[in-house]
Amino acid sequence: MEYFTQFFRRLQKLPPVWQTGRYYIYGAGRAGHLIADTLRKNGAEPVAFIDRRAEYIVSADLPVRKLEDSDMDCSLPVIIGIFNPQREADHAEIAAGLYARGFRNVIPFLKFYSVHSRQIGPYVNLETSDFYLCHQEEI
């Protein structure tokens with residue numbers, strides 16, 4: 001357990017590359033909204049959510065776009081705002097879709113959370129060794 005505690009602390013000391021700037025957030029659910037709030041608190045500007053169910057989602061604070069929308073700026077980073085341990089989202093598939101669409105800077109939820117966990121607060125139990133072992137590639 002000590003190894004994972006030290007690993008998590010080292011991750012938190014990494015300088016967040018997303019402190020300022022403009023970002024897309026893939027996923028307009030709870031995690032996506034937490035990311036948008038955290039970005040704003042850090043002086044960054046979330047531009048829009050990208051969600052495969054965009055036509056069914058109404059968001060009061062950001063537009064919700066489909067990945068197929070042609071007028072998105074692919075030079076902006078995308079933070080994957082999907083995380084549900086009970087229903088594993090295929091982050092590799094999501095990232096592959098974003099890369100295929102032309103996005104080159106894709107940030108996984110766990111990387112974002114590892115730096116901003118204190119601001120986001122407890123989201124899920126992310127401190128068990130089993131969790132880290134299962135999600136090493138995402139971190």
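Me: What share of the contacts in the protein chain between residues at least 6 apart in sequence joins residues at least 24 apart?
Reply: The share is 62%, where contact means heavy atoms within 4.5 Å. This is a predicted model, in which local features need pLDDT of at least 70 and side-chain atom pairs count only at pLDDT 80 or more, whereas totals for chains, interfaces and linings use all residues. Residues are numbered from 1 along each chain as its sequence is written, and side-chain values use heavy atoms, with hydrogens and water left out.

Me: How many helices and strands are there in the protein chain?
Reply: The protein chain has five helices and five strands, and from the N terminus on its elements run α-β-α-β-β-β-α-β-α-α. Helices here are DSSP runs of H or I with at least four residues, strands are runs of E with at least two, and both are numbered from the N terminus.

Me: In what order do the five strands form the open sheet, and which are its edge strands?
Reply: The order is β3-β2-β1-β4-β5, with parallel pairing. The edge strands are β3 and β5 (106–107), since each of them pairs on one side only.

Me: Why is R65 counted as buried?
Reply: Buried means under 20% relative accessible area (exposed is over 50% and partly exposed lies in between, with a 1.4 Å probe and protein chains only), and R65 has 18%, so R65 counts as buried. R65 lies in strand β3, at residues 64–65. Beyond its neighbours within four places in sequence, the contacts of R65 include A48, F49, I50 and D71.

Me: Why is I25 called buried as well, and what does I25 touch?
Reply: I25, which has its place in strand β1, has a relative accessible area of 0% and therefore counts as buried. Not counting residues up to four places away in sequence, I25 touches, among others, G32, I35, A36 and L39. I25 and I82 are 57 residues apart in sequence, but their C-alpha atoms are 9.2 Å apart in space.

Me: Why is β2 described as largely enclosed?
Reply: Six of the seven residues of β2 are buried, and therefore the strand is largely enclosed by the rest of the structure.

Me: What is the handedness of the crossing of α2 and α4?
Reply: The crossing is left-handed, a word used if the near helix is turned anticlockwise from the far one by less than a right angle (clockwise would be right-handed). The axes of α2 and helix α4 (residues 109–120) come within 11 Å and cross at roughly 65 degrees, where axes are lines fitted to C-alpha atoms, for helices over the stretch in contact, and angles run from 0 to 180 degrees between N-to-C directions. Among the residues that meet are A31, L34 and I35 in α2, and F109 and F112 in α4.

Notes
Pairing = 2+ DSSP bridges.
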